[in-house]
Amino acid sequence: MKLFFALLMSAVLLSGCATASRSAGFRDVSQTVEDRTGFQVRWNRDTREDAQVAEKIQALLQEPLTVESATQIALLNNNGLQAIFEELGVAQADLVQAGLLQNPVFSGAVRFPDRSEAATNWEFSISYDFLDVLFRPLRKRLATAQFKQAQLRVGDAVLNLSAEVRLAYYTLQGAEHTRAMLKTIVEAAQAASELAERQHAAGNINDLELANEQAAFQQAALDLERAEAEVLADREQLNRLMGLPASPRWKLSDRLPQLPAMEPVMKDLEERALSQRLDLAAARQEVKVFEQALVLDRKGVIPTAVVGISTEHEPEEEGPTSTGPALELPLPIFDQRQAAIARAEVQLRQSQSRLSALETQIRSEARAARD
């Protein structure tokens, strides 16, 4: 009985003030992104600061769009990225839930006699799964590993979006310069075609020469139309990454990117990639998650062990009321969690294989860039 009340009080004290914070872990992600890219990220949570972010985005759109401003707008406004941020809230909620203890269970029954001279029979009990207390540290360790993995995944998603925006920006910028060049070519080809028509009318050139000039003009016009379509598609791609509505009024900066002052340092490129890439860190963390899950499954062969206090009043007149301990323990005869353990082992091996494959890919990419 003393053990039961001790467990009950522990449950109240340990889990009474646990709450899930929506911003938990986001500060670390934000700091990592700022250290690596210099840009800010914000998690839209329907606050007054969100209006300030919207004003900042509008201010950036009033000026010619640079690769830096386009990247900053995307990191603040991309809805897909905002959805990924919510993974932190899910992981934090799971972490809080892992630290909570189960509620004690109250049960009771009242049985009315079919004869007036008989007394009412009643039975009440309160019980608690004490194994839940023992498994709590393992659950928290697993949830903590999953939370860390979520942080790494979110950070990697931010960096990937930043790279996508830069690629889309330079692609659009190149397409616009190509369009401008082709427009000049079309104007020159048109002038040449008109001149050829006048020369042909004067008898200075033959039909073949006129046809060649006209064909050159038509081909240049066709190339310009193709370039116009590419500009529209590339503009829409950048617009989508920035999370802006259709057909916004923004203009790309005419400033071309500066060439680097020196060649990038390729020394130790492979080691730096293996130590700094967040997707690789997330894959390593996934292995730790499944290792913790396997430990929990192996220790949970007996998933519950309910102890409590039960009291019962006998139906006889002036019948005794008896009170005593109660125990409910499943016998692992048929289900010894063999399937759950096997599944956890497969998931662990699968995560290890994914990690090895990613490491091999990164090494190959680093050697190709170095060579």
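Helices and strands here are DSSP runs, numbered from the N terminus. By that count, Glu 328 sits in strand 4, which spans residues 321-328. The model is a predicted one.

**Glu 328**

Is Glu 328 buried or exposed? Its relative accessibility is 55%. Exposed means over 50%, so Glu 328 counts as exposed. Leaving aside residues up to four places away in sequence, Glu 328 touches Ala 305 and Val 306. Ser 127 is 201 residues from Glu 328 in sequence, yet their C-alpha atoms are 9.1 Å apart in space.

**Nonpolar cores**

The largest nonpolar core has 41 residues. Which of them touch the most other members? They are Leu 65, Phe 85, Leu 238, Met 242 and Trp 250. At least two core residues come from each of helix 2 (26-37), helix 3 (48-62), helix 4 (67-77), helix 5 (79-99), helix 6 (131-201) and helix 7 (207-241). Helix 6 gives the most, with 12 residues.

Take Leu 65. Residues up to four places away in sequence are again not counted. Leu 65 then touches Leu 60, Ala 70, Ile 73, Tyr 169, Leu 238, Met 242, Trp 250, Lys 251, Leu 252 and Ser 253. Another core, of 13 residues, lies apart from the largest one. Its members include Ala 283, Phe 290, Ala 344 and Leu 348.

The largest pocket holds about 450 Å³ of space. Its lining has 17 residues, and Arg 36, Leu 159, Ala 273, Gln 276 and Arg 277 are the closest to the pocket centre. Two or more lining residues come from each of helix 2, helix 6, helix 8 (269-276), helix 9 (278-299) and helix 10 (338-370).

The second largest pocket is lined by Gln 173, Glu 176, His 177, Arg 179, Ala 180, Lys 183, Glu 228, Lys 251, Leu 252, Ser 253 and Asp 254. Of these, Lys 251, Leu 252 and Ser 253 are also among the contacts of Leu 65.

| Pocket | Volume | Lining by class | Top contributor |
|---|---|---|---|
| Largest pocket | about 450 Å³ | 7 nonpolar, 4 polar, 6 charged residues | helix 6, 5 residues |
| Second largest pocket | about 170 Å³ | 2 nonpolar, 3 polar, 6 charged residues | helix 6, 6 residues |

Terms used
Residues numbered from 1 in each chain as written. Predicted model: local features only at pLDDT ≥ 70, side-chain atom pairs only at ≥ 80, totals over all residues. Heavy atoms only, no water. Core = buried A, V, L, I, M, F, W, Y, C linked by side-chain atoms within 4.5 Å. Buried < 20%, exposed > 50% of the residue type's maximum accessible area, 1.4 Å probe, protein only. Contact = heavy atoms within 4.5 Å. 1 Å grid on protein atoms, 1.4 Å probe; cavity = no way out; pocket = protein on both sides within 12 Å on 5 of 7 lines; lining within 4 Å. Points joined across faces, edges and corners; volume = space filled by probe spheres on them. Nonpolar A, V, L, I, M, F, W, Y, C, P; charged D, E, K, R; others polar.
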